[in-house]
Amino acid sequence: MARKKRNYKVTPQLRTRLMSMRVDRELRKHDIPHTTQSISQVSATTFHKAISAGKEANKKGWMVDVHSVSEYRSMRCYLTADGKSGIAIKRNGDVVSLFSAGGGGKMGKLLPFAIAAGGRKLDCFGGGLQNMYAAYGARATGRTPFNEEHAPDDWNREDGKPDVVAMILPSSLDEVIKAYDKGRTIDLSKVRVFRSLINYATLQSVWRNSLHAFFLFICILLGSIILD
């Protein structure tokens, strides 16, 4: 008698668990330091509560970008098993709200995991964070000087005025493995400066999203045809 075939539904939670296991396996195979804690997809409310607590406990918490619960609902939000570290990914591949508390190599797993999950770009303050991301193959495409008028409300003047750095991430977990170099650093003095918000917006649309650049070209072309 033939056995009845079972249809298993791959839920977001199961997909995340399998991806977390794969990231663990690849990082371990190549001796890349990381936490063994699993990563789970969580609700916007759960993530917001966790990152708010992490921001408050961090001496440089003003660098942690916390969005509203409603904004997180349009993102995929992930936390480590202890709930003290996490990351969120927008639909366009923007990696945001990366935070970690307690050490233990959790950041060393979260970023490769985010890339494996489709993260392709991020912004960060240039007080050293850019070097941590560079270790995993991230490239700086531009920077804009710190602007006090747009500084976070909890900005600590003692931490200085670090530039905001736009970065492109590797396109896959395999690329992360190939690029990994713990000692890699980024010399910000050699990174192009965009001094206005308009120029920085251009940086984001052109350098950080080639598809947007393509549509921008088409719009300009069509505009010139209509004007003619």
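pLDDT is the predictor's confidence in each residue, from 0 to 100. This is a predicted model, in which local features need a pLDDT of at least 70 and side-chain atom pairs count only at pLDDT 80 or more, while totals for chains, interfaces and linings use all residues. Residues are numbered from 1 along each chain as its sequence is written, and side-chain values use heavy atoms, with hydrogens and water left out.

**Figure 1. The whole chain and its confidence.** The average pLDDT of the chain is 86, and 82% of the residues score at least 70. The chain has eight helices and seven strands; helices (H or I, at least four residues) and strands (E, at least two) are DSSP runs, numbered from the N terminus. Of its 228 residues, 40% count as buried, where buried means under 20% relative accessible area, exposed over 50%, and partly exposed in between (1.4 Å probe, protein chains only). The chain exposes about 13700 Å², of which carbon and sulfur atoms supply 54%; accessible areas come from the Shrake-Rupley method with a 1.4 Å probe, and for residues only the protein chains shown count as cover. Among contacts in the chain with a separation of 6 or more, 71% are between residues 24 or more positions apart; a contact means heavy atoms within 4.5 Å.

**Figure 2. Helix α1 and its cover.** Helix α1 (residues 12-29) has 18 residues and reaches 26 Å from its first C-alpha to its last, close to the 26 Å expected at 1.5 Å a residue. The expected span of a helix is 1.5 Å times one less than its number of residues. T16, M19, S20, V23, D24, E26 and L27 are the buried residues in α1. Their cover includes β1 (39-42), β2 (76-80), α4 (107-116) and α6 (173-179).

**Figure 3. The sheet of four strands.** This open sheet has the order β1-β2-β3-β4, with antiparallel pairing; two strands pair if DSSP finds at least two bridges between them. β1 and β4 (95-100) stand at the edges with a single partner strand each, so one side of each is left without a neighbour in the sheet. Neighbouring strands of this sheet are turned by 20 degrees against each other on average, direction ignored. Axes are lines fitted to C-alpha atoms, for helices over the stretch in contact, and angles run from 0 to 180 degrees between N-to-C directions. Strand β3 (residues 85-89) is joined to β4 by four bridges, and the two run antiparallel. In this pair, I89 stands opposite V95 in β4. Helix α1 packs on the sheet, touching β1 and β2, and its direction makes about 155 degrees with that of β1. Helix α4 also packs on the sheet, touching β1, β2, β3 and β4, and its direction makes about 165 degrees with that of β4.

**Figure 4. I51 and its surroundings.** I51 lies in helix α2 (residues 44-57). Its relative accessibility is 0%, so I51 counts as buried. Not counting residues up to four places away in sequence, I51 touches V64, D65, V66, Y72, S97 and F99. I51 and I87 are 36 residues apart along the chain, and their C-alpha atoms are separated by 8.9 Å.

**Figure 5. Two residues with positive phi.** Most residues other than glycine have a negative phi. D31 is not a glycine, yet has a positive phi of about 55 degrees. D31 lies in the loop between α1 and β1, and counts as exposed because its relative accessibility is 66%. S97 is not a glycine either, and has a positive phi of about 55 degrees. S97 lies in strand β4, and counts as buried because its relative accessibility is 4%.

**Figure 6. The sheet of three strands.** This open sheet has the order β5-β7-β6, with antiparallel pairing. Its edge strands are β5 (121-125) and β6 (139-144), each pairing on one side only. The twist averages 25 degrees from one strand to the next. Five bridges join β6 to strand β7 (residues 164-168), and the two run antiparallel. R143 stands opposite V165 in β7. A166 lies in strand β7 and is buried, with a relative accessible area of 0%. A166 and V191 are 25 residues apart in sequence and 9.9 Å apart in space, C-alpha to C-alpha.

Figure 7. Among the elements of the chain, helix α7 (residues 197-207) has the lowest mean pLDDT (47) and helix α3 (residues 69-72) the highest (98). Over residues 197-208 pLDDT stays under 50, and the model has 32 contacts beyond four places in sequence for them. Over residues 210-215 pLDDT also stays under 50, with three such contacts in the model. Where pLDDT is low, the predicted coordinates should not be read in detail.
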